[in-house]
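Hi there,

Here is the structure I promised to hand over. Have a look at it first, and then read on for what I found.

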Amino acid sequence: MPKNQEKTNVPDETQSIEQLLRPQSFAEYVGQEKIKDHLRLILSAAKGRHESSDHLLFYGQAGLGKTTLAYIIGQEMGVGVRSTSGPALEKPGDIAAILSNLEPNEILFIDEIHRINKLVEEIFYPAMESRKLHLVIGKGPAAKTFTLDLPPFTVIGATTKVNLLSAPLRSRFGATFRLDYYQDDDIEKIIKRSAKILNVAITDGAVRLLAGASRFTPRVANRLLKRARDYAQVKGVPEIDENVVLRTLEMLEIDPRGLENADRELLNVIITKFSGGPVGLKTLAASLNDEMDTIEEVYEPFLMKLGFLQRTPSGRVATKLAYEHLGLEKEKKLL
């Protein structure tokens, strides 16, 4: 887009609703203030030296804004952003093709970076560290090795599982940032901004209800707002009010605290089948007929954030708040 061309909130053939709702600058990006301050410092210093930024790594739960930050950094630096994902980089040739076509100071954004093939990762080390791409052509005695010099570039990695990144890869990032869950006030600001972009009228009470059910996550907040907009449109309601939100959440089987059926079932199993816990993760997964990874990475972080679940050395335990939320009585255990 030319610098003098103004951005518009009217969708065109190349812009999806998700792209329109995505903040385009740090000023529009709500929340994660400490991370934004640190990034401003890094980027301002790099621009002042006319250099590319250090490689950056973002990690945290899905939907917290890792991808959005990568594109904002591209805007701030005035460079393009090439996007790919870890699973797409299967062969050394895949990463070689991308790196050899990068423009000077361009950003390479890799989502799910923990899923990069190990062979690709080894080629990636010298590329990130010294901007050298070492390639082997041919096989056996006829194989030849040559080195390709790369222009300055910045890798931005995003992952929900930072512990699965190898130590050599993690150490090559100049700065690592953990994105945390958002506060309700920030989620409310995000919902109001998105409603304005979508040209939807919404009451303050409806904003509060949506924020409370958004699992402290902007992506979920925008998804619920769009469903409330659909409900209001189909029912012929001129604005999204508290009743529209409540009916929308009821239709989606989401309660006002953001718990979905799977969350409530997990808590119910712990309380009713295992007397509130402790219960081991493997046993819990078998009881729910679900994967241990899904429980540990999708359900538990949110339930622990709410204070409904505790992890103990003996297993998972439902808290008093969980009993109260589900309207269940806590059994007194005999000594």
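Helices H11 and H13 are roughly perpendicular to each other, because angles of 65 to 115 degrees count as roughly perpendicular (under 35 is roughly parallel, over 145 roughly antiparallel, and the rest oblique). Their packing angle is about 85°, with the axes 11 Å apart. Here axes are lines fitted to C-alpha atoms, for helices over the stretch in contact, and angles run from 0 to 180 degrees between N-to-C directions. Helices (H or I, at least four residues) and strands (E, at least two) are DSSP runs, numbered from the N terminus.

Before going further, please keep in mind that this is a predicted model, where local features need pLDDT of at least 70 and side-chain atom pairs count only at pLDDT 80 or more, while totals for chains, interfaces and linings use all residues. Residues are numbered from 1 along each chain as its sequence is written, and side-chain values use heavy atoms, with hydrogens and water left out.

Which residues bring H11 and H13 together? On the H11 side they are Ala262, Asp263, Leu266 and Leu267, and on the H13 side Ile295, Tyr299 and Leu303 (contact means heavy atoms within 4.5 Å).

H11 also packs on H12, at an angle of about 110° and with the axes 10 Å apart. H11 and H12 are therefore roughly perpendicular to each other too. Glu265, Leu266, Val269, Ile270 and Lys273 of H11 meet Leu284, Ser287 and Leu288 of H12.

H11 itself covers residues 261-273 and reaches 17 Å from its first C-alpha to its last, close to the 18 Å expected (1.5 Å times one less than its number of residues). Among its buried residues are Leu266, Leu267 and Ile270 (buried means under 20% relative accessible area, with a 1.4 Å probe and protein chains only; exposed is over 50%, partly exposed in between). After H11 comes serine 275, with a positive phi near 55°.

Now to the sheet. It is open, with 5 strands in the order E2-E3-E6-E1-E7 and parallel pairing (two strands pair if DSSP finds at least two bridges between them). E2 and E7 stand at the edges with a single partner strand each, so one side of each is left without a neighbour in the sheet. From one strand to the next, the twist averages 15°. E3 and E6 pair over 6 bridges, and leucine 108 stands opposite valine 155 in E6.

Enjoy exploring!
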